[in-house]
Amino acid sequence: MPKVKFSILESTCVPLPFENVDTDQIIPARFLSATSREGFGDNLFRDWRYTKTGEKNSEFVLNNPKFRGKVLVAGKNFGSGSSREHAVWAIFDYGFRAVVSSFFADIFMNNSLNNGLLPIVIPEELLIKLQELIQKNPATKVKIDIEKQTFTIIPTKDSIRFAINPYKKECLLKGLDDIDFLLSMKNAITGYEINKSFVK
Amino acid sequence: MKPKTLFDKIWDGHVVRSIEDGPDVLYIDLHYIHEVTSPQAFNGLKERGIQVFRPGKTFATADHNIPTKDQHLQIRDELSRTQVERLSENCRKHGIELFGLNHPKNGIVHVIGPELGYTLPGMTIVCGDSHTSTHGAFGTIAFGIGTSEVEMVLATQCILQPKPKKMRITINGNLHKGVTSKDIIMYIISEISTGGATGYFVEYCGSVIKSLSMEARMTICNMSIEMGARGGLIAPDETTFDYMKQLPSLPGIADLESSVNQWKKLKSDPDASFDRELEFDASSINPMITYGTNPGMGMAIDESIPIAENKNKEASSSYLKSLDYMGFRPGMKLLGHAIDYVFIGSCTNGRIEDFRAFAQIIRGRKKAANVTALIVPGSKKVEEQMAAEGLIEIYINAGFKVRQPGCSSCLAMNDDKIPEGKYAVSTSNRNFEGRQGPGARTILASPLTAAAAAITGRISDPREFMNEENNLKL
Ligand code: SF4
């Protein structure tokens, strides 16, 4: 895992106000044939970003120079569908460090946290407000403080406390890695294997 | 003792350690891998300089990107070939059993796991594929994971997982003729939406579930993920045990009788409580189709596309964008709408029962001239059975071609793409934009509905093609 540490992020946002964006949209299956984790950012939202003839679709937000930033502000139910972690790699590789929505799919949430990409759930009304603010003024900045678990829209001072599993928070803050943690538990795991009962 | 759900019993029995305020360290009994989501996990092991911890608990297949024609030849697409070769190398290096391309037991991971007798009641099962939920039909906790988690399992046979909430979905009542397990699950998803079960693990109960075959139960559990659930499971019963008993081999079982006695304990206690309970009446379910670009956008085949209520701007623009992609309008009826392709296969409906059902309607008829059909068995074993039962002949006489096993058009990583703008009635599980190829328009349906569409070249009600004899339960 990329052992990036992450504590405070202040950034402008890229708005993607669609509901039910699934991982097939984030990265279409035909780009999954790689054997490394790098380079998926080029194909992020591929079929929305490029026209059928391979040119940039100027109407799509990633091709609009007005919108830049490390925070992707998505619509409700983001990341459903396939478990492909490539979706998270693509978002991360493109340069995003946080995704904001009012609702995420489970596997996407896990995959994000396992890759140092922070999924932040905010109330639907606030999400809609934020989308509108960004549309009106692309320079709108947000601030994310992991230690305090706060998400703030800087110009309006709207601020909420977001939920994050304390273990995962620690991992993000310290750049810790789940696999190192699990490897340190080998004795307990072997012990479990010896004493395993059928069900509890 | 506090009453427990089946899910609790299996989960709690697999917790190596609970981290305070954190996820559980969950022991994994069985791990399936495939070519697309595993290479980066093996790279991770290499970087750490470690071997697979329990190679005997991981099994591999190549299914996602393989061709379904001329499988004996070299894979033409270079990247796909590299992935498949990399899988073989990794399996060889780490001592993992591989049912790769051209292996007599090759097939889609969720089809071969059960039919080879690896999936057993009471297990925890994971795979880097969201439809791992399929195995829940056997009374297992089975769910899809990301590649980082694949690496965790390879390295330690464990993953870190927060315990999901529990939902029970009960389906009682009488099923109408022509209504299959695919229709049941599509109906539930259309009722509760694609995010309706997010955060939950579902147990399916009720007289209707009890009456279903193992194949049909797998279809139901398979699509649990399409309503956002982490997975779905069904308590094992005599149907399960009979299925296990007829399998040619059960590699992990020394004494089947005593295993069956253990498996009989796998059920929720009568007073166990669930975080959410839903109940459906089977008699309100009709053959289903989807009209939009997620599996929640489904309706009875003879209904009209709903006029979206304008909850908010975002929701209604997403709804219209979706219908626009499909070339449909709110309020439109889809019966009689011309289609171009039919795809029968995938881990949802690529088992022998599905092909039998398809054949029942096709037998003695011809496919419509405007239809191209891809008939793709879920595994080599299914392909063999199809041949042995004369199904392939029925298909050929009707004008279809039968391909070799694989995921194929379900996600179109290989050449089996539906061309842009074309309509495909598909027995797979996802109708996302571009899922079956860039610009492809997918209409999800049961094998019976797909058969009716193949014959007429239009979206058609399968009940018109059924008589007393072919009232199949699937
Ligand atoms: S058949 Fe489709 S859903 Fe099933 S494993 Fe293959 S790609 Fe995934």
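This is a predicted model: local features need pLDDT of at least 70, side-chain atom pairs count only at pLDDT 80 or more; totals for chains, interfaces and linings use all residues.
Visitor: What confidence does the predictor give the complex and chain B?
Guide: The complex has an ipTM of 0.89 and a pTM of 0.94. For chain B the mean pLDDT is 95, and 97% of its residues reach 70 or more.

Visitor: How do you know that chain A and chain B are in contact?
Guide: Contact requires heavy atoms within 4.5 Å. By that rule 62 residues of chain A are in contact with 78 residues of chain B. The two chains bury about 5700 Å² between them, with 57% of it on carbon and sulfur atoms.

Visitor: Why is the pair B:Glu420 and A:Lys52 called a salt bridge?
Guide: The rule asks for a side-chain nitrogen of Lys or Arg within 4 Å of a carboxyl oxygen of Asp or Glu. The N to O distance here is 3.2 Å, so the pair qualifies. The elements giving two or more residues to the side of chain A that touches chain B include α3 (86-94), α5 (124-136) and α8 (186-195) of chain A. By class, that side has 26 nonpolar, 18 polar and 18 charged residues.

Visitor: What makes the salt bridge of B:Lys163 and B:Asp12 a tie between separate parts of the sequence?
Guide: The N to O distance is 3.0 Å. B:Lys163 is in the loop between β8 (158-161) and β9 (165-172) of chain B, while B:Asp12 is in helix α1 of chain B, so the bridge ties together parts 151 residues apart in sequence.

Visitor: Which other pair links distant parts of the chain?
Guide: B:Glu433 and B:Lys321 meet in a salt bridge at 3.2 Å, N to O. B:Glu433 is in the loop between β18 (423-426) and β19 (441-444), and B:Lys321 is in helix α11 (residues 313-326), 112 residues apart. B:Glu433 has a relative accessible area of 12% and is therefore buried, whereas B:Lys321, with 26%, is partly exposed.

Visitor: How do you know that B:Thr5 is buried?
Guide: Its relative accessible area is 0%, and the cut-off is under 20%, so B:Thr5 is buried. B:Thr5 is found in the segment before α1 (6-12) of chain B. Not counting residues up to four places away in sequence, B:Thr5 touches B:Lys166, B:Ser268, B:Ala272, B:Ser273 and B:Phe274. A polar atom of the B:Thr5 side chain lies 3.0 Å from the backbone nitrogen of B:Asp8.

Visitor: Why is B:Asn90 called buried?
Guide: B:Asn90 has a relative accessible area of 6%, which is under 20%, so the term applies. B:Asn90 lies in helix α3 (residues 78-94) of chain B.

Visitor: What makes helix α5 of chain B mostly covered?
Guide: Ten of its ten residues, 147-156, are buried.

Technical notes:
Residues are numbered from 1 along each chain as its sequence is written. Chains are lettered from A and ligands numbered from 1 in the order in which they are written. Side-chain values use heavy atoms; hydrogens and water are left out. Buried area is the accessible area (1.4 Å probe) that two parts lose on being put together, summed over both. Helices (H or I, at least four residues) and strands (E, at least two) are DSSP runs, numbered from the N terminus. Ala, Val, Leu, Ile, Met, Phe, Trp, Tyr, Cys and Pro count as nonpolar, Asp, Glu, Lys and Arg as charged, and the others, Gly among them, as polar. pLDDT is the predictor's confidence in each residue, from 0 to 100. Buried means under 20% relative accessible area, exposed over 50%, partly exposed in between (1.4 Å probe, protein chains only). A polar contact is a pair of N or O atoms within 3.5 Å; within protein, one must be able to donate a hydrogen and the other to accept it, and residues adjacent in sequence count only if both atoms are side-chain atoms.
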